[in-house]
Amino acid sequence: MTPVDLLDLDSLLDDEERQIRSVVRRLVDDRVRPHVADWYERGHVPARELAREFGRLGLLGMHLTGYGCAGSTAVAYGLACLELEAGDSGVRSLVSVQGSLAMYAIWRYGSEEQKQRWLPAMATGEAIGCFGLTEPDHGSDPASMATRARRDGDDWLLHGGKMWITNAPVADVAVIWARAEEGVRGFAVPLGTPGVSVREIRRKMSLRASLTGEIALDDVRLPADALLPGAAGLKAPLSCLTEARHGIVWGALGAARDCLETTLAYAGTRTQFGRPLAGFQLTQAKLADMAVEWQKGFLLALHLGRLADAGKLRPEQVSVGKLNNVREALAIARQCRTILGANGVSGEYPIMRHANNLESVLTYEGTSEIHQLVIGQRLTGLSAFA
Ligand SMILES: Cc1cc2nc3c(=O)[nH]c(=O)nc-3n(C[C@H](O)[C@H](O)[C@H](O)COP(=O)(O)OP(=O)(O)OC[C@H]3O[C@@H](n4cnc5c(N)ncnc54)[C@H](O)[C@@H]3O)c2cc1C
């Protein structure tokens, strides 16, 4: 229960969902909150250590079934994302990329052998995965990707490069999307394969408690069984993005909740002109508007989660959630920042870190503009992408 739960939305969750949420919240309180400001400042996070802890709790590939995965509902997974992101968007990204992008791609499109090889180790956090779709020259328009896959006897040769890849600097396996003669195909590429090199992207001003890398692929020779046999065409990576975006719809609310709770506590104790900031009408107007937006965002996330659990969630519906909840979470973080005054820009408080993180969340997994185009296409029947 959070003070921003004006509408008693908690009552819409069942006991198991509330219990999963408390377990993740406790983990974040113990293992993330005390350290995250320091990780953020140093631009480094103990990703392997965290992955093992998250794995022990069943958070990696949590909504998948079999192969050591927890098989939870989409709503339970969403609540876990919300609690993780209340700690930090970068920490939630570690879990989302592992479970919703890398593991999901192998789980949905991989051969039985690939699933046995990777998924149990990824579920425990012993192996870390990443997902390479974006390239230096191709972000919002992955259909134009330049990375090529060509057959050489029974083998495949991969050539090209991927950019902005979360987890890449610590990953054991990358799901790489490349254009072959017959269309876009996916490959499970062990990162120790000759010809693969990873460079960490430093000096990010956002998502600093997340490791991001560039992957160069220089005629990488892969055996035939590196191909994900079920993934044919761009719709395969796009389906993985739909999975991950659903987690973001919830996660962004976590960052916003942490900002709101911090701000409520601050405004209640900080005194100016002889009264707490919380007692000024202008402050209350800000707090009321933010709490209303947060509640609407939660209702939206829960509705989409229930649709996902009923097997009825459509990609453009996820776009509605991603567009709204990240945009509103960022607006909440910025507004909270104003209420903390100068302390709002200090790393002693989480607000500026959340606001900076949400800038990345706004851009990755489809920018706001791309989600507007998806929704616009659904409304009008006309594609305005190009
Ligand atoms: C921290 C971080 C982690 C990331 N992790 C991953 C990862 O793990 N794997 C991965 O594959 N990618 C990852 N990404 C990449 C991310 O998905 C891309 O940045 C995103 O898709 C946008 O691509 P771009 O940055 O090339 O921007 P561009 O595509 O160049 O877009 C720039 C601007 O133009 C707008 N624009 C583009 N096309 C149109 C259009 N048709 N109409 C109107 N406006 C348009 C965009 O909305 C945006 O505002 C990550 C990015 C960040 C910042």
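This report describes selected residues, a nonpolar core and a surface patch in a predicted model.

**Core**

The largest nonpolar core holds 117 residues, and F54, W177 and F298 are the members that touch the most others. Helix α6 supplies the largest share of this core, 15 residues.

L241 lies in helix α6, which spans residues 235-269. Its relative accessibility is 10%, so L241 counts as buried, since the limit for a buried residue is under 20%. Beyond its neighbours up to four places away in sequence, L241 touches L101, F131, L133 and E365. L241 and L101 are 140 residues apart along the chain, yet their C-alpha atoms are separated by 6.8 Å.

T283 belongs to helix α7, which covers residues 281-309. With a relative accessibility of 11%, T283 also counts as buried. When neighbours within four places in sequence are left aside, T283 is in contact with A267, L277, A278 and I339.

**Surface**

A nonpolar patch on the surface is formed by L6, L7, L12 and L299, which together have about 380 Å² of accessible area. L12 is located in the segment before α1, a helix of residues 15-42. The relative accessible area of L12 is 42%, so this residue is partly exposed, a class that lies between the buried limit of under 20% and the exposed limit of over 50%.

The table lists the accessibility of the residues discussed.

| Residue | Relative accessible area | Class |
|---|---|---|
| L241 | 10% | buried |
| T283 | 11% | buried |
| L12 | 42% | partly exposed |

Key:
Residues numbered from 1 in each chain as written. Predicted model: local features only at pLDDT ≥ 70, side-chain atom pairs only at ≥ 80, totals over all residues. Heavy atoms only, no water. Helix = DSSP H or I, 4+ residues; strand = E, 2+ residues; numbered from the N terminus. Buried < 20%, exposed > 50% of the residue type's maximum accessible area, 1.4 Å probe, protein only. Contact = heavy atoms within 4.5 Å. Core = buried A, V, L, I, M, F, W, Y, C linked by side-chain atoms within 4.5 Å. Patch = residues over 30% accessible without salt bridge, like charges linked within 9 Å, V, L, I, M, F, W, Y side chains within 5 Å. Areas by Shrake-Rupley, 256 points an atom, 1.4 Å probe, with all protein chains shown as cover. Salt bridge = Lys/Arg side-chain N within 4 Å of Asp/Glu carboxyl O.
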